[in-house]
Amino acid sequence: MIERIIILENVDPVVFFGINNSNIQLLKTLFPKLRIVARGNVMKIIGDEEELAVFEEKIYELEKFSIEMNVLKEEDILDIVKGKVPTVVNQDNLIIHGLNGKPILARTANQKKLVESFDENDLVFAIGPAGSGKTYTAIALAVRALKTKQVRKIILSRPAVEAGEKLGFLPGDMKEKIDPYLQPLYDALEDMIPPLKLKEYIENKIIQIAPLAFMRGRTLNDAVIILDEAQNTTKPQIKMFLTRLGMNAKMIVTGDVTQIDLPPSQQSGLIHSMRLLKGIKGISTVEFNKKDIVRHKLVQRIVEAYEKEDSKKETQRKPNLI
């Protein structure tokens, strides 16, 4: 009889071991000659060396499946232990599997274009209206890169610019004042990474979510870096952010140029940088439009109504040349 310790570094224990350790109970049934004890991400197994070798091989296959699919069901365990390939529905334009195995897809032509541009370039601008999926797709790409070990960390940032509200009047300390600005980024991550694993990633700074001001002075290597709501950056701010790009890193800058909350006297750094950097090799721009909106159907109609009003105002502003 020998003892072996297996450390499962990349899985969420709740997903892998099952609710109330149901998956461990199944494994004990499938390997009755072994004594199996699981705690946290550590498994201790005692038994015959040959049986132990088979168990260890199957555990690593289960770990790989669990990381990729974000789910591990009883039928998956039975298939893998019996040497079968688990049944997985192939989905076109799949980016990753989110919570409970939910497929996260590139659902529109421009979302697919963003996926392709990310694979081919180190810096991508993703510009478009609210609800077009630009930020959600960008975060899915970052999570995919982390899960496949293309990078070691994800950096997510937003400028803390008030949309009609003042930071100073919000309750709490600086973190509590800033967190509401970053909540959309947390929401997307919570769709894609199990809660315990996400908490671990954030605590270990594998995933970092911070206001734009916290980027100054850093060089970001081995990372996917996302700047969201970039239309609210000034020219110096976005220059500072873009020059953080380090080795083996990719950057996605998202924004909506129709929702600029800067004072009228300040030019959006996003608009300036897109114009300045146009045509540079390794930089791509994907422009989303109202056809990409994947929220409630009313969102598209709301966007159209505002576009019509803006167009009407622009026409009235132009001098009559006749």
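Q: Which residues is I155 in contact with, leaving aside its neighbours within four places in sequence?
A: They are Q208, M215, R218, L220, A223, V224, I225 and I226; contact means heavy atoms within 4.5 Å. This is a predicted model, where local features need pLDDT of at least 70, side-chain atom pairs count only at pLDDT 80 or more, and totals for chains, interfaces and linings use all residues. Residues are numbered from 1 along each chain as its sequence is written, and side-chain values use heavy atoms, leaving out hydrogens and water.

Q: Why does I155 count as buried?
A: Buried means under 20% relative accessible area, exposed over 50%, and partly exposed in between (1.4 Å probe, protein chains only). I155 has 0% relative accessibility, so it counts as buried.

Q: Why are helix 3 and helix 4 called oblique to each other?
A: Helix 3 (residues 49-69) and helix 4 (residues 74-81) pack at about 135°, with axes 10 Å apart. Helices here are DSSP runs (H or I, at least four residues), numbered from the N terminus. Axes are lines fitted to C-alpha atoms over the stretch in contact, and angles run from 0 to 180 degrees between N-to-C directions. Under 35 degrees is roughly parallel, over 145 roughly antiparallel, 65 to 115 roughly perpendicular, and the rest oblique. The pair is therefore oblique.

Q: What makes up the contact of helix 3 with helix 4?
A: Helix 3 brings K58, E61, L62 and F65, while helix 4 brings D76, I77, I80 and V81.

Conventions: Helices (H or I, at least four residues) and strands (E, at least two) are DSSP runs, numbered from the N terminus.
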